[in-house]
Each structure stands twice: as C-alpha cells, then as structure tokens.
Amino acid sequence: MGIVSSGFHGRGSGNTALPPGQHETRDFPVLTAGPAPLIPLAEWEFFIAENGRRLSWSWDDFMALPQDEITKDIHCVTSWSKLGTVWRGVSLDTLFDGMETTSGFAIAHSYGGYTTNIPVRDLLGSKAWVAWEFNGGPLERAHGGPARLLVPHLYFWKSAKWIHGLELTGAEVPGFWESNGYHLHGDPWREERYS
Ligand SMILES: Nc1nc2c(c(=O)[nH]1)N[C@H]1C(S)=C(S)[C@@H](COP(=O)(O)O)O[C@H]1N2
Ligand SMILES: [Mo]
C-alpha cells in the first residue's frame, strides 16, 4: 500500500507524535542482556520492600487484584517505537495501596539479576503496571513472561522483564544500564538517552 509514516499517529494512545529521534516499527524486537530466566508460576512472587517491611504477592494473589487494560506507545532508546501496544496487568497504584512510603526512589529487581532505577513518582498515578498479557495472550517469556514492569512513559529499558519486585530507597541507586552510561531518568520526550 506504500503508506509512508509521517511521524504523526493517533492510534488509541492519545499521543499525536513520535518522541524526537524515534521511528515506528511494527515488529516487536527482543532486547535482553543475557539469557531469559524461566520462572514457574508456583515459584513466582512480586514484592515491594522498604527497610524492614516487605509486601509480597503470589501469582494467585496477583491475579485476584483489579486488572487494567492498557494501550500505550513504547519507546526503546535504540530508536524504535511501537505504537498502540495492548497489555493487561495490575497498576502500581494498586500494589502500593498498603505501602505508605516516603521513599523517593525504587530499584526494580528482575529474576536473573537485571535492575533499573525509577523514581516512585514515575510509578504512581496510572503510569506503571506489572503486565502479564500482551495483545490478548500470556506475555511471552522472551518479552518478560510471566510478568514484566511496564513504564511506557520512560524508555523501554525501564520496563524490567521477569520482574521480581521493587526495593524502595531514599537515595537513587543506578541500575544495570544506568551504571553503563544510560540516563538516570530516561524520558523519551526530553531525549534523556545517555548520561
Ligand atoms: N530483565 C530484563 N529486563 C529488561 C532488559 C533486560 O536485559 N533484562 N532489557 C531492557 C531493554 S534495554 C529493553 S529495550 C526492553 C526490551 O523489551 P523487549 O525485549 O520485550 O522488546 O526490555 C528492558 N527490560
Ligand atoms: Mo533497550
């Protein structure tokens, strides 16, 4: 059909343009540093920990929580964006419900050892989810299944695959890519790519 992307789109996401320096892809590239861990659902948990306190959910606990349908654009720092991706998962607002916190920062820990740092203000207010479904089916292991963090308003390296939990801290602790030259925050609209 020869349709050339002008860089402007309106597919369900509410966004009308791609962030600067990004191009659209229809594929879903897999980007992982190291092998993909295998986590049986019976062993899976999600935790939020702060000092001595720790909340945790088994897979069944997690499934019993209110679930959101999420349609968002995602932006990889390597310059591809995928528009209007559809997910299902639990809002971080729901997971933080029982956790009164004054911590400013979180470090996301993945099964397999990957970490990424995210300010708590970027996790709350309908901005972030623990997602376990993509395009109506279970999230593929290569893309982080059984569940991954989804923080679509930041570059996609913040969306930690095979998410295990969040550790809340007063000071910002750089994660894996942030210790290797990526920006501490990673807002695609401000091109916070590298530090
Ligand atoms: N656990 C874990 N999460 C991760 C990564 C990783 O290597 N390990 N890579 C990050 C990067 S750099 C990107 S761009 C996205 C890629 O997600 P995808 O493979 O589903 O496209 O996952 C992010 N989350
Ligand atoms: Mo990435």
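## Close-up views of a predicted model

**View 1. Side-chain contacts of Arg193.** The side chains of Arg193 and Glu191 are joined by a polar contact of 2.8 Å, a polar contact being a pair of N or O atoms within 3.5 Å, of which, within protein, one must be able to donate a hydrogen and the other to accept it, while residues adjacent in sequence count only if both atoms are side-chain atoms. The model is a predicted one, in which local features need pLDDT of at least 70 and side-chain atom pairs count only at pLDDT 80 or more, whereas totals for chains, interfaces and linings use all residues. Residues are numbered from 1 along each chain as its sequence is written, chains are lettered from A and ligands numbered from 1 in the order in which they are written, and side-chain values use heavy atoms, with hydrogens and water left out. A further polar contact, of 3.0 Å, links the side chain of Arg193 to that of Gln22. Arg193 belongs to the segment after strand S11, where strands (E, at least two residues) and helices (H or I, at least four residues) are DSSP runs numbered from the N terminus. With 11% relative accessibility, Arg193 counts as buried, since buried means under 20% relative accessible area, exposed over 50% and partly exposed in between, computed with a 1.4 Å probe on protein chains only.

View 2. The C-alpha atoms of Trp189 and Gly21 are 9.5 Å apart in space, although 168 residues separate the two in sequence. Gly181 also has its place in the segment after S11 and, at 26% relative accessibility, counts as partly exposed. From the C-alpha atom of Gly181 to that of Tyr194, which is 13 residues away along the chain, the separation is 5.7 Å.

View 3. Ligand 1 sits in the largest pocket; on a 1 Å grid over the protein atoms alone, a pocket is an open set of points with protein on both sides within 12 Å along at least five of seven lines, and a molecule sits in it if more than half of its atoms lie within 2 Å of its grid points. There are 19 residues around ligand 1, and of these Pro29, Ala33, His143, Arg148 and Lys161 come nearest, where a residue is taken as near if one of its heavy atoms lies within 4 Å of the molecule. The shell around ligand 1 divides into 13 nonpolar, 4 polar and 2 charged residues, with Ala, Val, Leu, Ile, Met, Phe, Trp, Tyr, Cys and Pro counted as nonpolar, Asp, Glu, Lys and Arg as charged, and the others, Gly among them, as polar. A nitrogen atom of ligand 1 is 3.3 Å from an N or O atom in the side chain of Ser110, while an oxygen atom of ligand 1 is 2.7 Å from an N or O atom in the side chain of Arg148. For the side chain of Lys161, an N or O atom is 2.6 Å from an oxygen atom of ligand 1. Taken alone, ligand 1 exposes 530 Å², of which the protein buries 97%; the areas come from the Shrake-Rupley method with a 1.4 Å probe, and for residues only the protein chains shown count as cover.

View 4. The peptide bond from Gly145 to Pro146 is cis, with omega near 15°, and Pro146 lies in the loop between strand S9 (137-138) and strand S10 (148-150). Asn135, in the loop between strand S8 (129-134) and S9, has a positive phi of about 50° although it is not a glycine. Trp162 is likewise a residue other than glycine with a positive phi, near 50°, and lies in the loop between S10 and S11. Asn135 counts as exposed at 56% relative accessibility, whereas Trp162 is buried, with a relative accessible area of 5%.

View 5. Glu43, in the loop between strand S1 (23-24) and strand S2 (45-50), is exposed, its relative accessible area being 59%. Glu43 and Trp59 are 16 residues apart in sequence, and their C-alpha atoms are 8.3 Å apart in space. Val90 is found in strand S5 (residues 80-91) and, at 0% relative accessibility, counts as buried. Between the C-alpha atoms of Val90 and Trp132, which are 42 residues apart along the chain, the separation is 8.6 Å.

Note on methods
On a 1 Å grid over the protein atoms alone, a cavity is a set of points where a 1.4 Å probe fits but cannot get out, and a pocket is an open set with protein on both sides within 12 Å along at least five of seven lines; lining residues have an atom within 4 Å of a point.
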